[in-house]
Each structure stands twice: as structure tokens, then as C-alpha cells.
Amino acid sequence: MYLEYNNSKMKFVCLVLLSVSSFVLGLSAAEKKTAPPTVITSPTAQADLPQNISEANLFAQVCANCHGKKGEGSEALKAPSIAGLPSWYVETQIDKFRSDLRGTNPEDPAGQIMHNIITAIDASQITGLAKIIAAMPMHPTQNVLGGDAQKGNEVFMEICAKCHRFNGKGEVVFGSAPLIGLQDWYIRSQLYKFRKGIRGGNPADEKGHKMHEMTQYLSDEQAADVTAYIALLAKKYANTKSRREREFDEMRKKEKQKAARQNALPEELRK
Ligand code: HEC
Ligand code: HEC
């Protein structure tokens, strides 16, 4: 049994590495303008994922291969830094991958990889995975690729802030993602995908479709500038909590203390 499990895990890791390396090779070929990126399809992934392991082990053995042990992401593998993304956002996105609203477009090999992995995960483990990711300290966006943050400031305040908030931390009510823990190459890549409709092109993906509409007139230069501005926001806000977040933490703490007091009571006195 144990051997069998190890074997299937090995098979999975090989499969991931194989997909990833052909993906990376595909990309470098595209950069040389010789061939389009390789489309990854791994029809056997479903059967080869490790089963019956804890969410923490699942993260370490599967997700960390691409997203890193600390959820810091990997540009080479096109995997975003997911550390600190709130669990509601992680669950929504996983839901989209699983319901074919994200990661099924043939022009989106990175999305397809994620789609193939996550559709093979047991649904009951998703909430646990999302909690693990949300608890990881965020890796603030850095401005590596350049871009004019000052010009980006204007774009952000005019277009983005109303949904992603002035601090780039996102808003659960609008379903808008926090942006200040994502790498700059990933933010740009998603803006291009939204613009082309490779992500959010399907009106059934209501929230993604909003981003598709918002990016229709966004130039490459504006995308670069606004990303540079997001890195500035990250410096300021990634490791600070807003009043609302502090109030939420305080509420959670009180709830936990109350539950602990209840549990300390003899059974017949508990409410
Ligand atoms: C083979 C590499 C690979 C593995 C393994 C992998 N991912 Fe991903 N993941 C990606 C890539 C690439 C993307 C970016 C897709 C895109 O560009 O749209 C991604 C995107 C995501 C996103 C969306 C992030 C966002 O900001 O919208 C989440 C959430 C996520 N992965 C969670 C997970 C979890 C949880 C696991 C483990 C069960 C996992 N991933 C395993 C490659 C991987
Ligand atoms: C009308 C509201 C709205 C506006 C305006 C808006 N966004 Fe979004 N954005 C969203 C929503 C909702 C999502 C989540 C989409 C999904 O569920 O796939 C999102 C997702 C994103 C993502 C993907 C994040 C990830 O983790 O993959 C990026 C990047 C992003 N927005 C950047 C921007 C930028 C930059 C602007 C301004 C130019 C902007 N958005 C304007 C609502 C908005």
C-alpha cells in the first residue's frame, strides 16, 4: 500500500515536471518566435495525485512544487505567489478552475496546468487548502520589470481603486482580488489575459468578465505603470492592517475566547 502510494506520488511529480518543462520550453520557443507555447494536457493527472493525505501534506507535496513552500510563487513556472490570499478568493478561483471557467483556453497554458492539477484534488480538501494559503505571510509585490509608478497612480485611482480599494487589498463584497501580494510579472500577465478574454471572456464568469471589460482600453504601458504603482502600495500596506481588519481579528479572538470558556464548563452547563 505504502509503496503503491509512493509510486503514484512519484508518477505525479514526474508528470508535473514534465508538463512544466515542456511548458517552459514552449515559452522560450515562443520568445524566439519559432513556435507557439506548448499546450499542456495531462489527462492522467487525475489518477496520479496522492490521495488520503492531510491538506498540509497536499500543499507541501503538490502545490509547493510550483507555488513554493512558502507560497512565494515561481516566475519560471508561471505560478503566482499565493501566500496570504484570503480563503474566500482562493476558494472562488479554485471553483472557477474546477468548473472550467478558468484555465481551459488553449491560449492559456499556465491556466491549463493549474486547471489540470486542481480538478484532480478531492473537493473536501479545498477549504483546508485555502485556510493554509491564507495563513501564509504575504510576499509584497516588487517592481522588478519597471514602469512609471507615478503615472500608474493615476490609472489606479481612476479605474482600479473603486473595486480593489485605495490600498490594493481587494474587497470581498465585490469579489475583487487583493493585488499587493502578487508578483509584477503575474499582474501584467493577468491584465493581458483579461484584455484578450483568455480569462474572464465567458460572461458566465461574472466577476472575471468585469475585469475583461475594465481592461478593454488599458494599453500595455498603462498595465506596466499601474503594476509599478501596486508595488508602491505593497510597500505601504502589505504588512499593515486596516482598522476593519483589526476589528475583524479582535472579533475572531473574542469568539475563540468565548468558545474556550464554554468548553471549560461542565457539559450540562454549556449552552
Ligand atoms: C504544475 C504547477 C502547479 C501546481 C502543482 C499547482 N499550481 Fe496553482 N497555479 C499554477 C499556475 C501556472 C497558476 C497561474 C494560472 C494563470 O496564469 O491563470 C496557478 C494559479 C493558482 C491560483 C490562482 C491564484 C490567483 O491569484 O488567482 C491558486 C489559488 C492556486 N494556483 C492554488 C494552487 C493549489 C492550492 C495547488 C495545490 C493543490 C496548486 N495551485 C498547485 C501552477 C500550479
Ligand atoms: C468593476 C470592478 C473592478 C475594476 C474597476 C477593476 N477590477 Fe481587477 N478584479 C475585479 C474582480 C471582481 C476580480 C476577480 C476576478 C475573478 O474572480 O476571476 C479582479 C481581478 C484582478 C486581477 C487578478 C488577480 C489575481 O490574483 O489573479 C488583477 C491583476 C486585477 N484585477 C487588476 C486590476 C487593475 C490593475 C485594475 C485597474 C486598471 C482593475 N483590476 C480594475 C474587479 C475589478
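**Entry 1: ligand 2**

Of the 24 residues around ligand 2, which come nearest? I found Cys160, Cys163, Ala177, Lys207 and Gly208; a residue is near a molecule or strand here if its C-beta atom, placed from the backbone, lies within 6 Å of it. I noted that this is a predicted model, where local features need pLDDT of at least 70, side-chain atom pairs count only at pLDDT 80 or more, and totals for chains, interfaces and linings use all residues. Residues are numbered from 1 along each chain as its sequence is written, while chains are lettered from A and ligands numbered from 1 in the order in which they are written.

Next I checked which helices supply this shell. Helix 7 (149–164), helix 8 (184–196) and helix 9 (206–214) each give at least two residues, and helix 7 has the largest share, with six. Helices (H or I, at least four residues) and strands (E, at least two) are DSSP runs, numbered from the N terminus. By type, I have 14 nonpolar, seven polar and three charged residues in the shell around ligand 2.

**Entry 2: ligand 1**

I then turned to ligand 1, which 25 residues surround. The closest are Cys63, Cys66, Ala110, Gly111 and Met114. Helix 1 (2–31), helix 3, helix 4 (87–98) and helix 5 (109–118) are the elements that give two or more residues to this shell. I sorted the shell around ligand 1 into 20 nonpolar, four polar and one charged.

**Entry 3: the overall fold**

How many helices and strands are there in the protein? I see 11 helices and zero strands. Of the 271 residues, 36% are buried; buried means that 20 or more other C-beta atoms lie within 10 Å of the residue's own, exposed means 12 or fewer, and partly exposed is in between, with C-beta atoms placed from the backbone. I also looked at contacts between residues at least 6 apart in sequence, and 67% of them join residues at least 24 apart. Two residues are in contact if their C-beta atoms, placed from the backbone, lie within 7 Å.

**Entry 4: the core**

The largest nonpolar core has 47 residues, and Ile133, Val226 and Ile230 have the most contacts inside it. Such a core is a set of buried Ala, Val, Leu, Ile, Met, Phe, Trp, Tyr and Cys residues joined through C-beta atoms within 7 Å. Helix 10 (220–237) gives the most to this core, with nine residues. I also checked helix 5, where 10 of its 10 residues are buried.

The axes of helix 3 (residues 55–67) and helix 6 (residues 126–135) come within 9 Å and cross at roughly 70°. Axes are lines fitted to C-alpha atoms, for helices over the stretch in contact, and angles run from 0 to 180 degrees between N-to-C directions. That makes helix 3 roughly perpendicular to helix 6, a label for angles of 65 to 115 degrees. Glu55, Ala56, Leu58 and Phe59 of helix 3 meet Gly128, Leu129 and Ile132 of helix 6.

I looked at helix 4 and helix 5 too, whose axes come within 9 Å and cross at roughly 90°. These helices are therefore roughly perpendicular to each other. Their contact is made by Ile94, Phe97 and Arg98 of helix 4 and Met114, His115 and Ile118 of helix 5. I count four nonpolar, one polar and one charged residue there.

**Entry 5: single residues**

Where does lysine 69 lie? I found lysine 69 in the loop between helix 3 and helix 4. Lysine 69 is exposed because 12 other C-beta atoms lie within 10 Å. Leaving out residues up to four places away in sequence, lysine 69 touches Ala60 and Ala64.

Lysine 235 lies in helix 10 and counts as partly exposed, with 13 C-beta neighbours inside 10 Å. The C-alpha atoms of lysine 235 and threonine 141 are separated by 7.8 Å, although these residues are 94 apart along the chain.

Last, I looked up backbone angles. Aspartate 100, in the loop between helix 4 and helix 5, has a positive phi of about 65° although it is not a glycine. Arginine 165, in the loop between helix 7 and helix 8, has a positive phi near 75°.

Conventions
Nonpolar A, V, L, I, M, F, W, Y, C, P; charged D, E, K, R; others polar. Parallel < 35°, antiparallel > 145°, perpendicular 65-115°, else oblique.
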